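Trainee: I'd like to learn how to read aromatic pairs and strands in a model. Can you walk me through it?

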Amino acid sequence: MKFGLKHVAWLAAAGAAIAIFPSLVQGDEPVPVFDGHVHYNEAATIAYSPAQIIAKMRAAGVPRALVSSTSDDNTLALLKEGGTAQVVPFLRPYGGQIHSGNWFRHPDALPYLKDRWDPDRYAGIGEFHLHQLSYADSDTVRTVARMMAESDRFLHVHADSRVIEAILAHTPDVRILWAHAGLVDPPEVIARTLAAHDSVWAEISIRGFEIAAGKTINTAWRDLFMAYPDRFMTASDTYVTERWDSYAEVIDHHRGWLAQLPSDVGRAIAYGNAVRLFGSGGIAALEE
Ligand SMILES: [Zn+2]
């Protein structure tokens, strides 16, 4: 399915933005990747220290990453180790009795989030899960969406396109980073969602083997990236410790299909779009 080139003007702008980082686009160095979906969950803290996790990211050519964790203290431990150049922290509601299946209706979740929320520290709230359409309409989700809209920060949402639509129906001015681009939503549904909402960006963690099952990029995904080059970012999703064990391979698989896109588009998805949304941090530092 073709989507057409809708963002030709943006491609020119992206070229200008990427020119800020000339050292990243020359030579044999691997393209830096902003990882848009990292967790440092409880089990991973037993296997790897914060210093080891930061070292893994840097060894994989990931100078900056969006991090949320169960519990949030683990994100703050990584932030302390890697600093704001490496870590873009998101506040996750999970921990103790609060988890992906109940956070939106657990009486302690909203007080916890309000108590911990600091727009000077966190770039958003998430990653959180909403597995049913009706969950998007809870008081907790409405309040969290309003908080992010008012502080110009993001929701990082694991849900299908119908749930994304439902959140934007009650809070149209909130910005959403769509986890796994819906996980099960096919390219044509992702395209429809992005076309309808300028305030939605998508990261493609866990979709790597649909995007490129072998080594060659899938045509429908390629068309999607070409139609919306400014709306995607690369991501791993280290939801289990095994993902940290094979972290460099996960990132390198993404580099393989990114290299099959036009250079400007591949670099926008690798790091350029994330720089526009979250700042350059450790990506700019590579210039030095
Ligand atoms: Zn997820």
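Predicted model: local features only at pLDDT ≥ 70, side-chain atom pairs only at ≥ 80, totals over all residues.

Trainee: How many aromatic pairs does the structure hold?

Mentor: There are twelve aromatic pairs. To describe a pair of aromatic rings, you give the distance of the centres and the angle of the planes. Take Trp103 and Phe128: their ring centres are 4.4 Å apart and their planes sit at 40 degrees, so we call the pair tilted.

Trainee: Which parts does that pair tie together?

Mentor: Trp103 is in the loop between β3 (87-91) and α5 (109-116), while Phe128 is in strand β4 (residues 124-129), so the pair ties together parts that are 25 residues apart in sequence. Trp103 is buried, with a relative accessible area of 0%, and Phe128 is buried too, at 1%. Now try Trp244 and Tyr247: with centres 4.9 Å apart and planes at 35 degrees, this pair is tilted as well. Both of those residues are buried.

Trainee: Which residues do ring pairs link into a cluster?

Mentor: Phe34, Phe90, Phe154, Trp201 and Phe278.

Trainee: Phe90 belongs to β3. Are the faces of that strand covered or open?

Mentor: Both are covered: Val87, Pro89 and Leu91 are buried on one side, Val88 and Phe90 on the other. Five of the five residues of β3 are buried, so the strand is largely enclosed by the rest of the structure.

Trainee: Which strands pair with β3?

Mentor: Strand β2 (residues 64-67) pairs with β3 in the parallel sense over three bridges, and Val67 stands opposite Pro89. β4 also pairs with β3 in the parallel sense, over two bridges, with Phe90 opposite Gly124.

Technical notes: Residues numbered from 1 in each chain as written. Heavy atoms only, no water. Phe/Tyr/Trp six-rings, centres within 6.5 Å; stacked < 30°, edge-to-face > 60°. Helix = DSSP H or I, 4+ residues; strand = E, 2+ residues; numbered from the N terminus. Buried < 20%, exposed > 50% of the residue type's maximum accessible area, 1.4 Å probe, protein only. Pairing = 2+ DSSP bridges.
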